[in-house]
Amino acid sequence: EILHTTRLKPGEYVWGKFLAPFAAFCLAFFVHTLFAMFFNHVVPNADAEKFRGLFHFGNYLWPAVMFCLPAALFVAGVAFFVGAAWRKPIMVFLVPVLVWGYIVFFIFGPWLPEDLSPAVDRAIQALDPSGFRWLNQVWLKVDRGVAFYNQQPITTDSLFVITRLIYAALGVLGVLYSQRLVGQRLRGARVRARAEAMSPGTQAATSPGAGPLLGTLSLGELKMSWCPPSLWRQTIEIARTESRNLLFQPGLYLFAPLILANVVVSSIFQRGWLESQVLITSGQFAVTTFGQVSFWLILLLMFYTVESLQRERSARLAPIYCATPTKTFAVLAGKSLANSLVAVVVLAATF
């Protein structure tokens, strides 16, 4: 509210908010590229002649521009738009998770047959925001030898260039539309009060000859009564409120799919004696995943338990919250019951 009373325009505010994390991502990826150059061309390696080509800075910069920049613009722009439209952090976290799951389980899922028609395969390549399926199908599916990959540059086709531009444009359009939404909210809307829209009680209080208002009555005349709820009702109410808050926690939608993917994939693709394929059974899967699921769930529950116990203090609601006649046992038990839902959700998804 204070920031928007200055001369800062909605466009400057929105683009500043967007470019700050996007610039941080570009900086992090640039540092990653420098490390790749260092370990690929500077660190000594006895087998370097078998896989190292001549160093050229463009061989690192051009793939970053082709693959990473459009995908980053697309995900960041769409997530920014979703956050500006719904104004919920959970939706911002949900966008990259959905994109990641879509690429891993749909674009590269095991259900896709190898003998796809060229038209269908090209359509799936166009629907891949990362661009890696195009790279894999066009250049990597058939091994062309180390000499070819070290000496021949990768040439792009019209499909790849057009889709990269479309994904980048969608991300920019998401930020532009977010700018429009923020501008509309800051300008506000005019509301006119009409007599027919007023409640009967308000009309009676404002009409001539009306009786005494409620504010002129004493507490005894109001005959109000109150009794504290039971310990069981207090516990259930706190658990219900904390459970509702958990539904809007971004970490639950971010870390739960990552935990499931790590646990399930590592269990399905494990190898047995002499690199043989292990036959997956329900008991074998339960034994294999028990340690990993327990470890990650304990860390996740510790995080959510501490966060829930500190939520009122962080929101500056602790003086009011602690002044209520709610029992300490009800607070701790209700929060513990609600946080247990995190484990239930992860275990149910694993099942």
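A crossing of two helices is left-handed if the near helix is turned anticlockwise from the far one by less than a right angle, and right-handed if clockwise. Helices here (H or I, at least four residues) are DSSP runs numbered from the N terminus.

The structure is a predicted model, in which local features need pLDDT of at least 70 and side-chain atom pairs count only at pLDDT 80 or more, while totals for chains, interfaces and linings use all residues. Residues are numbered from 1 along each chain as its sequence is written, and side-chain values use heavy atoms, with hydrogens and water left out.

**Stop 1: α3 and α8**

Select residues 58-86, helix α3, and residues 158-187, helix α8. The crossing of α3 and α8 is left-handed. The two helices pack at an angle of about 25°, with their axes 8 Å apart; axes are lines fitted to C-alpha atoms, for helices over the stretch in contact, and angles run from 0 to 180 degrees between N-to-C directions. That angle makes α3 roughly parallel to α8 (angles under 35 degrees count as roughly parallel).

Now show side chains at the contact (heavy atoms within 4.5 Å). The contact residues divide into 16 nonpolar, four polar and two charged. In this classification Ala, Val, Leu, Ile, Met, Phe, Trp, Tyr, Cys and Pro are nonpolar, Asp, Glu, Lys and Arg are charged, and the others, Gly among them, are polar.

Stay on α3 and pick Pro 63, which is found in this helix. Pro 63 is partly exposed, with a relative accessible area of 30% (buried means under 20% relative accessible area, exposed over 50%, partly exposed in between, with a 1.4 Å probe and protein chains only). Leaving aside residues up to four places away in sequence, Pro 63 touches Gly 58 and Cys 68.

**Stop 2: α5 and α6**

Select residues 118-126 (α5) and 132-140 (α6), which pack at an angle of about 145° with their axes 7 Å apart. This crossing, too, is left-handed. Asp 121, Arg 122, Ile 124 and Gln 125 of α5 meet Arg 133, Trp 134, Gln 137 and Val 138 of α6. By class, the residues of this contact are three nonpolar, two polar and three charged.

**Stop 3: the nonpolar cores**

A nonpolar core is a set of buried Ala, Val, Leu, Ile, Met, Phe, Trp, Tyr and Cys residues joined through side-chain atoms within 4.5 Å. The largest has 14 residues, and Leu 246, Leu 297, Leu 300, Tyr 304, Val 342 and Val 346 have the most contacts inside it. Two or more residues each come from α12 (250-268), α13 (282-309) and α16 (328-350). The most come from α12, with five residues. Centre on Val 346: apart from residues up to four places away in sequence, it touches Ala 256, Leu 260 and Leu 297. Then move to a second, separate core of eight residues, among them Phe 18, Leu 73, Ala 168 and Val 182.

**Stop 4: two loops**

Ser 230 sits in the loop between α10 (219-222) and α11 (231-246). Its relative accessibility is 39%, so Ser 230 counts as partly exposed. From Ser 230 to Phe 108, 122 residues away in sequence, the C-alpha to C-alpha distance is 54 Å.

Finish at Arg 316, in the loop between α14 (311-314) and α15 (318-322). Arg 316 counts as exposed, at 78% relative accessibility. Phi of Arg 316 is near 60°, a positive value in a residue other than glycine. Most residues other than glycine have a negative phi.

Notes
Angles under 35 degrees count as roughly parallel, over 145 as roughly antiparallel, 65 to 115 as roughly perpendicular and the rest as oblique.
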